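Good morning, colleagues. Please have the sequence and the coordinates open while I speak.

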Amino acid sequence: MSAANDVAQAVEGTLCRVKAAAEKGKRTTLPRLVAVSKTKPNESLQCAYDAGLRTFGENYVQEIIEKAPLLPADIEWHFIGHLQSNKIKKLLEGVPNLAMVETVHSVKVANKLNQTVADLGRPPLGVMVQVNTSGEESKNGIEPKDVNGLAKHIHEECKSLKLAGLMTIGMPDYTSRPENFLALLQCRNEVCKELGLEPDTLEVSMGMSGDFEQAIEMGSTNVRVGSAIFGARDYSK
Ligand SMILES: *Cc1c(COP(=O)(O)O)cnc(C)c1O
């Protein structure tokens, strides 16, 4: 079987699993499926596009700015990697159809994004606050206790950004993911209260290949699925 068929079938299979999980969780709207394409060649992304997907996620600024111009313009790109403020201009200039930055983890990054969007005269950019729900010492987002402050800053001070929701990666360890997901849902409740928003007006981005069904049952509105669609990543190349 060709690689194109593999990706097309995997897309179909993943969409079925998304729907089934949404039904099982009695969800009234389907979550967005973000095809996480880091390290994968554009031919594979094109196959997923041809199979119907329109939202793609990338982790590295250099990689996304090389890929995006060669792929259809109606793709909605999500940036899901660690974002340094000195790369923001390059990211925004290189990807006119960037729809969301899921990994805002500081006031500094929020301000720089806001300023750059304004400078480029772009429409407001969707952003999510990345929350470190696992307590790991890492670059994986801000502490739950600091989420309200950052969300409020974006909502009230960053007129060129639109606070779309919260995102988490969670522990690599499968068994603790439900706790990470619960922690993210809790953060969303608090942010909505703080900002005076209805509870489900903010999104939660949680769930990857190994656990997206569980995440959907728990309420995820945005799952980021890589290897289940494109196959395992080979970093040795
Ligand atoms: C790579 C990555 C994913 C996708 O992981 P899979 O396990 O391949 O589905 C999702 N989210 C983030 C932030 C990632 O870096």
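I shall discuss the paired strands, then an arginine in a helix, and finally the ligand site.

Please keep in mind throughout that this is a predicted model.

I begin with strand S5, which covers residues 125–130. Six of its six residues are buried, so S5 is largely enclosed by the rest of the structure.

What does S5 pair with? One partner is strand S4, residues 98–104, which runs parallel to S5 and is joined to it by three bridges. Within that pairing, Val 101 has Val 127 of S5 as its bridge partner. Another partner is S6, where the pairing is again parallel and extends over six bridges. Here Met 128 is bridged to Gly 165 of S6.

That brings me to S6 itself, residues 161–167. Six of its seven residues are buried, and therefore this strand, too, is largely enclosed by the rest of the structure. Besides its pairing with S5, S6 is joined in parallel to strand S7, residues 203–205, by three bridges. Met 167 finds its bridge partner in Ser 205 of S7.

Let me turn now to Arg 177. This residue belongs to helix H7, which spans residues 177–195.

Finally, the ligand. Which residues come closest to it? Of the 13 residues that surround the ligand, the closest are Lys 38, Asn 59, Ser 209, Gly 226 and Ser 227. Asn 59 places a polar side-chain atom 2.7 Å from an oxygen atom of the ligand. Gly 226 contributes through its backbone, with an N or O atom 2.8 Å from a ligand oxygen. For Ser 227, a polar backbone atom is likewise 2.8 Å from an oxygen atom of the ligand. On its own, the ligand has 390 Å² of accessible area, of which the protein covers 89%. The space that the ligand takes up is the largest pocket.

Thank you; I welcome your questions.

How values were computed. Residues are numbered from 1 along each chain as its sequence is written. This is a predicted model: local features need pLDDT of at least 70, side-chain atom pairs count only at pLDDT 80 or more; totals for chains, interfaces and linings use all residues. Side-chain values use heavy atoms; hydrogens and water are left out. Buried means under 20% relative accessible area, exposed over 50%, partly exposed in between (1.4 Å probe, protein chains only). Helices (H or I, at least four residues) and strands (E, at least two) are DSSP runs, numbered from the N terminus. Two strands pair if DSSP finds at least two bridges between them. A residue is near a molecule or strand if one of its heavy atoms lies within 4 Å of it. A polar contact is a pair of N or O atoms within 3.5 Å; within protein, one must be able to donate a hydrogen and the other to accept it, and residues adjacent in sequence count only if both atoms are side-chain atoms. Accessible areas come from the Shrake-Rupley method with a 1.4 Å probe; for residues, only the protein chains shown count as cover. On a 1 Å grid over the protein atoms alone, a cavity is a set of points where a 1.4 Å probe fits but cannot get out, and a pocket is an open set with protein on both sides within 12 Å along at least five of seven lines; lining residues have an atom within 4 Å of a point. A molecule sits in a cavity or pocket if more than half of its atoms lie within 2 Å of its grid points.
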